[in-house]
There are 2 protein chains.
Amino acid sequence: KVKLSEELWSETCWEIGESRFDPDQAITAGSNFMIGNGYMGYRGTFADDRAGQYPALVVTDTYDNADGTWKELVTAPNGLFTTISCQGKDILWRQGGFREYERRLAMRWGEWSARAQWDTPGILVEEERFCSYDDLHLLTSRTRITALGEVALEITTGIDGTVWSLNGDHFSSLSLEEGPDCLEASCVTGEQGYHLVLREDARLRSGPEGEIEPCRRTALDGTLCRVFQVSLREGQEVVLEKRVVLYSSNDLRDTTKITSDAARGPLPSLAEVRQAVAAGLSRAVARDWNLLREAHRRVWQERWASADIMIGGDPVAQTLIRYNLYHNVIAAPAHADHLPLGARGLSCQAYQGAAFWDQEVFNLPMFLFTEPETARRLLVYRYRTLDGARKKARDLGYRGAFYAWVSGDTGEEICPSYFFRDVLSGRRIRNHFNDWQIHVSPDIAYTVWKYVAATGDQEFLYRYGAEILFEVARFLASRVHYRPGLERYEIIRVLGPDEYHENVDNNYFTNFQAQFVCRYAVETYDTLAEEHPQTVRGLEERIGLEKSERDAWDDIARRIYIPAPDSETGLIEQFQGFFELEDTRPEVIKKRLLDPGEYWGWPNGIAVETQVSKQADVTQLFMLHPQACSREVMKANWEYYEPRTQHGSSLSYAVYAICAAWIGHGEEAYRYFLRSCTVDLLNTGKAVSGGTFIGGIHTAACGVAWQIVVSGFAGMYLTRDGFGFAPHLPPEWESLSFRLKRWGGTLEITLHRRAMTVKALPENPRDIQITLGSAEVSVAPGGQVALPLEG
Amino acid sequence: KVKLSEELWSETCWEIGESRFDPDQAITAGSNFMIGNGYMGYRGTFADDRAGQYPALVVTDTYDNADGTWKELVTAPNGLFTTISCQGKDILWRQGGFREYERRLAMRWGEWSARAQWDTPGILVEEERFCSYDDLHLLTSRTRITALGEVALEITTGIDGTVWSLNGDHFSSLSLEEGPDCLEASCVTGEQGYHLVLREDARLRSGPEGEIEPCRRTALDGTLCRVFQVSLREGQEVVLEKRVVLYSSNDLRDTTKITSDAARGPLPSLAEVRQAVAAGLSRAVARDWNLLREAHRRVWQERWASADIMIGGDPVAQTLIRYNLYHNVIAAPAHADHLPLGARGLSCQAYQGAAFWDQEVFNLPMFLFTEPETARRLLVYRYRTLDGARKKARDLGYRGAFYAWVSGDTGEEICPSYFFRDVLSGRRIRNHFNDWQIHVSPDIAYTVWKYVAATGDQEFLYRYGAEILFEVARFLASRVHYRPGLERYEIIRVLGPDEYHENVDNNYFTNFQAQFVCRYAVETYDTLAEEHPQTVRGLEERIGLEKSERDAWDDIARRIYIPAPDSETGLIEQFQGFFELEDTRPEVIKKRLLDPGEYWGWPNGIAVETQVSKQADVTQLFMLHPQACSREVMKANWEYYEPRTQHGSSLSYAVYAICAAWIGHGEEAYRYFLRSCTVDLLNTGKAVSGGTFIGGIHTAACGVAWQIVVSGFAGMYLTRDGFGFAPHLPPEWESLSFRLKRWGGTLEITLHRRAMTVKALPENPRDIQITLGSAEVSVAPGGQVALPLEG
Ligand SMILES: [Ca+2]
Ligand SMILES: [Ca+2]
């Protein structure tokens, strides 16, 4: 059983915290305790931390390439920067030396707090901060300093412009200046020429009235600050409030056309950006800090009302699930429909702030059933980036939409061709994530299906979904190969989800997804032609859609090769020839490493010629298509592939957890659930490897936690008229409760050990049918049913 | 200009020789001076050499796997082993220290000779030897020892059983015994259990009558010898004659069914093999040594009558061409139609004694026009190994015949999956010569076409050729992929001739050959159906041939993608995406090597992501299909690819030489001709690398020398009714003369600077038409024509 430090959860199960400070965990803790609002992320570091402690204010929609290789989000100057000196001596969090330390993240409110007490000189410092969900451009903190004896304080606060940046310095210019009643950082990115303006307002008060004036400005070591000097007697306190507002050029640009940077029209002037910042800061300064927080908390309250999962009898699991849902929420650009949900969210620049297939398969389903408008926006993002996907297809000799493996603002491929090095020779390795890992395209089209099925949002289908779908089907039609002798279509030279094996053929996952999408494209075409012909006509005009294409997709759907389960063993081959590879185990081949830093995969890594997989692959398909095969076949495959899987990707545990729940491997399901939910929280591995930062929040693991609980343990599945359930709760759990949205309505599901109750909100627009075993009941708006569970 | 040591050629241009002994060149000289007869090869080492000097008696049809990886021919015990001691001191060739040394190879007669004179004690030793073409199982030598003062000699001669073997000890048992009037080595191979029996007869005479009896036997250090003691006065001499006869089990087995070892029926008993050896030795002993040689020479005389090329005015080129033709001849198992011509012939075990595509494309054409029965036998070998090729296709999921990349006796693939190591990590590399380098199959079918076209041998086509052709076409039909969107067939994931680039698509060479073969298969099918329906019926029964297959081949031939020359530059892309690779040069990337021993190719070598090719590829296609494109396009491509080609394969120079002649790059043609012809002769590179023997005769370079001269410089090409010529003689050459066979008739072609004469032998069965520029003349049997050449 996973050991979770007691400090990591509180009685309320709404917080994580630590009361022991470990400077070696700076990276992990900075990620775990981060705050954010989908527009910006601010790492859970301390106010006086410098670049060496990896603080970061990561801002969305600022993709820029500084080093010629990595296009990534930029980190803004740190507007919360503050240092305290007391009796002439610097009090630095990062140096520890305090008594009664604690750092907390209140998931319920998206608020970070820390407190510590220093003995000599005696002061107590308490800080709280949040990225506002009421005004996404606002980052604010409040720090209370209480004297435990007579002390002379010097508080230096302002902006730290010495930005920590992963891959090069993104700013061709960065100036720190005094603004009107504030300090200002004004930056221009080197590649794209975006402006980024950040203004900071700081006020120090002793008591409700006594505002203290700063005694001077200081500009040391890349910072611009004001200095407050104040003497306190024992028990006296001062409170520092900081309000930081920031905008980038892109925040003022048209967001409906982001097919390329040029398509968004000209960049606004610096004056325009500055004006937006000034207005934002005036609004924030005009409001009491508590009211700012109130407005922010109201948004969180709303979100948790739909998103929260309540687990009775297992406080660790309860805390973990909230921690994971929290991080999925703050990573999501729910305010926009032109931005991706990054694989590391806004926790740092790693993974370029960009979307992978993770977005649709791991992050999105939680939103689909709790906040469908966010799921919709993430899919509209895929619509807005269709031109990038079309360009990639064209560049590689295909048609339609070949979505980027790494997708930023324009949807053009920003995954470099070289990103690993052979540590033995120092030579770079050509990995083919950017041209062979094609399943991202059908994965997105599959999610269009799922979204439309769950929400009934036909308008989305007409305006966006159909075009995505048909362009993906078109891509697949240009990508498949027909084998005349075998009279079947094949998909050659791909990477499946298991990324150690590149250059494989007829990957079960990829072929199945391709078939599903071609079939769905044909059905959709036929339905639209019948029921909404103007959509078809529009696509004929806009993308040159032809009826013959529909027929080609139909032929592919009928004749594409789908590896079948072996009639005796039930095993499905991950890809052609997989079973002929050396049959061994991750722990065995690990001993073959000549250097612990060696890459295990293509082309020469230790896993390549073996059946050791990086992550779930056949099992991954089951997660998306629980009905793809019988439970017996699923079980056989789970049991075969599980010991051969390294879980070298954070995506893997969840998949094994979900399928384990389905096939009755309850203990394994719970074990994998815990592993998946603690990928970041218990991360004791290196966060910097060979000088490269590899930390940050694994947002896919966070998002998929919802699926483990709801799809896995509760066994929820979509039916035509509602939801089905096949619960397999861990024995630890006394109850499980969550909400599900469908067709604009909301259900509240509660599972006890012996019964399931389903409550429909009164405002639901229609009845929703519930299937449980052989029972089928309809729940009317405002209604409630209770169904017995088999022991 | 290539510098060729004066010693390497004699006035007659029929010999190579050396008068300086360099023990460091033991491997190269051992290969260059080797003798052989297509049944056995005996390296040009010295009689007293031990394993450290790499002597070897390599015997065909003895494929055996000793180390679990390499199936290769075995090396037999050395029956010519002899040491001389004089005045109690060992006289060893390998230690040098002689005066008046020379070693010679008489290409005219396939005879090796050496002589050396030692001062103290003074003796002159002269040895000559040959592998008999009159009795292929006979290896014989004669050594004359002349006293230059008064000397007491001890001559120890017999069999050295300490065999040098490349990849493991092939003999599970090896016994050296005294036989009836001879010594005998009797061996059993470990994997296959083949017997190999070798008997040696040695006689020492002083003068014609005075046979000297040995004084004792000795069995030291893995040898079994008899010892002669003799004292000579100044000017006196003794002569040692040795006759060695050997047979292996396979020499007595059925050779018409070698589809698998089992198909050849049971192994003969040791007694049977011994009986064959005994009979052979009796015959040899019964004949005077001079008569043995006479019989042997008669065969050579015959062969040279058809094979010789005479070059006037350039003795170096004259010697070189004969040296190369010689090695192609002795490598060819002209006595059999179930054996391959090895890539290193019988010069050593390297390349497993096995055939590559080299056999058809490089070795065979010389025979096709000078000794067509040998060409036929090599193709019948491909027929007899069809089951191996069918098995390979089946094992890899295809139909028809996928010929082995490395083809031994049964035609099953004996190319290991791993044969290179990454010198930086010590890890083995998975190269895909054995499963992706598919062009060998169409290359063989193409050669069926060429053979039938040149000889008119319809009987071959009915019995063997059609089945090869259809099985290859069937394989191709199962190997191609159809791209529905592009409405074309493609060939995906291959290695073309340039082996540094694996995993490429639509390799021009491969696709062109595949199209040619499909087209030829359709034509052949149609012609046979019309003119020889019993062949079609036979194939319907035997291999389940169907008319629908013919239609599928037709469709492939019509719609396979053949990269076209760029309309502006004329360039043809070697494979899809080649021109997007880094455009650099071999000498540039060579500097990127971290270790001189690194493999340049797939998957991680320095050439992989560049346009640097190992060897001719687009140009290689031109060599096979001179009419594939215009001379301008050929020129553009030659000039583009030539500086990007490393010539890391011995096959490359010749291709560039031939095409250079065609496009008017005369100097380059001559330069590449010399480089190609001296691959072995001037080999100054390492012959042992990392403990691995990489020496041996490059038989493909030897065989293709004929093509450089006849197809390249003389510009010979096949026409429907005879031959065409487009001569481009090097300016050094005053004349060029050679014979060509077609339809059973022979022409003697002589080119002077101003005229070409063509003489038809009186026994020719029909007229042969000659095309020269716009001139067309018919040469009747016994006739002669002279045609003027344009200056
Ligand atoms: Ca990944
Ligand atoms: Ca080769």
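Guide: This is a predicted model, and for chain A the mean pLDDT is 95, with 98% of the residues of that chain reaching 70 or more.

Visitor: And what does the model score for ipTM and pTM?

Guide: The ipTM is 0.84 and the pTM is 0.90.

Visitor: Okay, sheets next. In what order do the five strands of the open sheet in chain A come?

Guide: The order is β22-β31-β32-β33-β36 in chain A, and the pairing is antiparallel. Strands β22 (309-312) and β36 (784-788) of chain A have a single partner strand each, so they stand at the edges and one side of each is left without a neighbour in the sheet. From one strand to the next, the twist averages 15 degrees.

Visitor: How many bridges pair β32 with β33 in chain A?

Guide: There are five bridges between β32 (residues 745-752) and β33 (residues 755-760) of chain A, paired in the antiparallel sense; to take one position, A:T750 has A:T757 in β33(A) as its bridge partner.

Visitor: Switching to chain B, which strands are at the edges of its four-stranded open sheet?

Guide: That sheet runs β2-β3-β4-β7 in chain B with antiparallel pairing, and its edge strands are β2 (35-36) and β7 (75-76) of chain B, each of which pairs on one side only. Within the sheet, β3 (residues 40-42) and β4 (residues 57-59) of chain B run antiparallel and are joined by three bridges, with B:V59 in β4(B) as the bridge partner of B:M40.

Visitor: Now helices. At what angle do α16 and α17 of chain B cross?

Guide: The axes of α16 (residues 631-641) and α17 (residues 652-662) of chain B cross at roughly 140 degrees and come within 10 Å. The two helices are therefore oblique to each other, and α16(B) passes α17(B) in a left-handed crossing.

Visitor: Which residues meet there?

Guide: From α16(B) they are B:R631, B:M634, B:W638 and B:Y641, and these meet B:Y656, B:C659, B:A660 and B:W662 in α17(B). By class, the contact residues of α16(B) and α17(B) divide into seven nonpolar, no polar and one charged.

Visitor: How far apart are the axes of α6 and α9 in chain A?

Guide: They are 11 Å apart, and α6 (residues 372-384) and α9 (residues 440-455) of chain A pack at an angle of about 150 degrees, in a crossing that is left-handed. The contact is made by A:P372, A:A375, A:R376, A:L379 and A:R382 of α6(A) together with A:I444, A:T447, A:V448, A:Y451 and A:T455 of α9(A). Those residues of α6(A) and α9(A) divide into six nonpolar, two polar and two charged.

Visitor: Last topic, the backbone. Is the peptide bond from A:W602 to A:P603 cis or trans?

Guide: That bond is cis, with omega near 0 degrees, and A:P603 lies in the loop between α14 (586-589) and α15 (618-624) of chain A. In chain B, a cis peptide bond joins B:W602 and B:P603 with omega about -5 degrees, where B:P603 is found in the loop between α14 (586-589) and α15 (618-624) of chain B.

Visitor: And is phi of A:Q87 positive or negative?

Guide: Phi of A:Q87 is near 55 degrees, a positive value in a residue other than glycine, and A:Q87 has its place in the loop between β8 (82-86) and β9 (89-91) of chain A.

Conventions
Residues are numbered from 1 along each chain as its sequence is written. Chains are lettered from A and ligands numbered from 1 in the order in which they are written. This is a predicted model: local features need pLDDT of at least 70, side-chain atom pairs count only at pLDDT 80 or more; totals for chains, interfaces and linings use all residues. Side-chain values use heavy atoms; hydrogens and water are left out. Two strands pair if DSSP finds at least two bridges between them. pLDDT is the predictor's confidence in each residue, from 0 to 100. Axes are lines fitted to C-alpha atoms, for helices over the stretch in contact, and angles run from 0 to 180 degrees between N-to-C directions. Angles under 35 degrees count as roughly parallel, over 145 as roughly antiparallel, 65 to 115 as roughly perpendicular and the rest as oblique. A crossing is left-handed if the near helix is turned anticlockwise from the far one by less than a right angle, and right-handed if clockwise. Contact means heavy atoms within 4.5 Å. Ala, Val, Leu, Ile, Met, Phe, Trp, Tyr, Cys and Pro count as nonpolar, Asp, Glu, Lys and Arg as charged, and the others, Gly among them, as polar.
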